[in-house]
Amino acid sequence: MKELKESKDGKEKKIKKSSKTPLLLRGFLDVLPENDKYWRKFRDVTEKILDDYSYGKISVPILEQTNLFKRTIGEHTDIVSKEMFTFEDRGGDSVTMRPEITAGIARSYVTHGMLNRSRPVKLYSSGPVFRYDRPQAGRFRQFNQLSIEVFGDESPVADAEVIFISYLICKKLGLDVIIQINSLGNTESRQEYITILKEYFRSKRRLLCDDCKARLTKNTLRLLDCKEEQCRELAKAAPQLVDHLDEESKDHFVSVLEHLDESEVPYELNPHIVRGLDYYNRTAFEIVPATKEGEESERSPSQNAIGGGGRYDELIEIIGGRETPAIGMAFGIERVVQLLKEQQKNQPSKKNLDVFLAQLGEEATKHSFTLFETLRESGIKVRANFSKDGLKQQLEIADRLGAVFTVILGQKELLDGTIIIRDMENGIQEVVDSAKISDELKKRLKKGK
Ligand code: HAM
């Protein structure tokens, strides 16, 4: 017997299974039917908003040349140096399961000569991404992202629009979030700042965790968002990038913030937002659940961020395209879904099914297929369980599903040409003409609303 970790309702559960049962890979998730409604809600809300704001949907492959990610995300980042699912294909080429979608979209932008389209080119894409990270709450090895990208617009308005749309999506989903924002400046000002930061941390080297000791030479900025307590304390007192920005980046940043103020997007300046990918310059931001007053988030932004992004003006050139300013962001969909679920738990349950159709006896069951279709076709949200014929059992199911009414069809009603409507709130039953059932139900449903 072996133990299998299975995920249901977001919780990990240990189940004894025979050694013949193939295991779900660590850090991988099955999305079960009862959770699909959250995924669907996210998809419906995002597609509507992105469509309204003229973003075109693009699909790019999950597998790309390894070099694409090395060159864009950066060789020394955790993602590229430790977390990629990289292997040789049968032809001997090194390929990688994408750890994010932006690089693939940028590659596609160059491959298809989108540089020649009228600017800006606004795109979005969603699907699975892979990072061999240490799995824990909200951190998986396969997860899904929705990536939103704008190519060919260097103005701060573009930064503000992407942040505004991301916030709008959260608001429409009913999520209470805040944007944590920083500016990473241009390459030169960032390089100067990195030298200053190195000096600061070098004198404290022995206090750093092992990962940060290694970051000190190769990935210094990431010292600012380390999750280890002692490193976080040191980072709090470190010199801040905003004090070392070049003039253009400073103006750009101020302008982005002014636009956010104007559109009432809630944000907080956070000098420790540095992002885990090398391609960013200027604006960098993360979206985190808002904490209640006096409450401090237990995790650092990068651990509980439901989304993040920023400006990446050099990426297209890095992969051989013409100079193209760009800005984008990605949501981590599993984390959004988790928040949606938590939010629903805190809300009073409400009726979410119009009608449950209960049938008693063989003849009624046969007839209930057509009746079900009549109700469904007339726009009533109806459910049934045709393989059950005990009334008590069916009423229990109706109750569990939160039905407003149960429609009961038995042998007697079938002969009489009638149907019973039972109000699930008070148990009152009425007999109505079966030919008028849809209208009768609609009338009552409207009245109840
Ligand atoms: P990222 O911050 O690495 O950015 O990922 C975006 C989001 O994916 C995070 O905010 C988080 O919600 C989610 N995420 C990251 N790692 C995990 C994980 N191991 N398990 C579950 N969820 C995770 C990017 O990937 C950039 N491509 C975003 C971007 C688009 N920048 C410009 N355009």
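Mentor: Start in helix α13 (residues 362–377), where K366 and E363 are 3 residues apart and therefore separated by about one helical turn. Helices here are DSSP runs of H or I with at least four residues, strands are E runs of at least two, and both are numbered from the N terminus. This is a predicted model, so local features need pLDDT of at least 70 and side-chain atom pairs count only at pLDDT 80 or more, while totals for chains, interfaces and linings use all residues. Residues are numbered from 1 along each chain as its sequence is written, and side-chain values use heavy atoms, with hydrogens and water left out.

K366 and E363 form a salt bridge, and their closest N and O atoms are 3.2 Å apart. The term asks for a side-chain nitrogen of Lys or Arg within 4 Å of a carboxyl oxygen of Asp or Glu. K366 counts as exposed because its relative accessibility is 52%, and E363, at 37%, counts as partly exposed. The cut-offs are under 20% relative accessible area for buried and over 50% for exposed, with partly exposed in between (1.4 Å probe, protein chains only).

Now move to helix α16 (residues 437–448). E440 and K443 are also 3 residues apart there, which puts about one helical turn between them. They too form a salt bridge, with the closest N and O atoms 3.6 Å apart. E440 has 18% relative accessibility, so E440 counts as buried. Elsewhere, salt bridges that share partners tie D78, K82, D211 and R215 into one network.

D78 is at 15% relative accessibility and so counts as buried, whereas K82, at 47%, counts as partly exposed. Searching the whole structure gives 25 salt bridges.

D93 has a relative accessible area of 48%, so D93 is partly exposed. Its contacts, once neighbours within four places in sequence are set aside, are F87 and E88; contact means heavy atoms within 4.5 Å. N67 lies 26 residues from D93 along the chain, and their C-alpha atoms are 10 Å apart.

For a view of helices packing together, turn to α1 (residues 36–52) and α5 (residues 156–172), which meet at an angle of about 140° with their axes 10 Å apart. That angle is why α1 is called oblique to α5. On the α1 side the contact is made by F42, V45, T46, I49 and L50, and on the α5 side by I165, L168, I169 and K172. The axes are lines fitted to C-alpha atoms, for helices over the stretch in contact, and angles run from 0 to 180 degrees between N-to-C directions. Under 35 degrees is roughly parallel, over 145 roughly antiparallel, 65 to 115 roughly perpendicular, and the rest oblique.

Finally, zoom out. The chain has 16 helices and 18 strands, and 47% of its 449 residues are buried. Its C-alpha atoms fill a box of roughly 90 × 55 × 55 Å along the principal axes.
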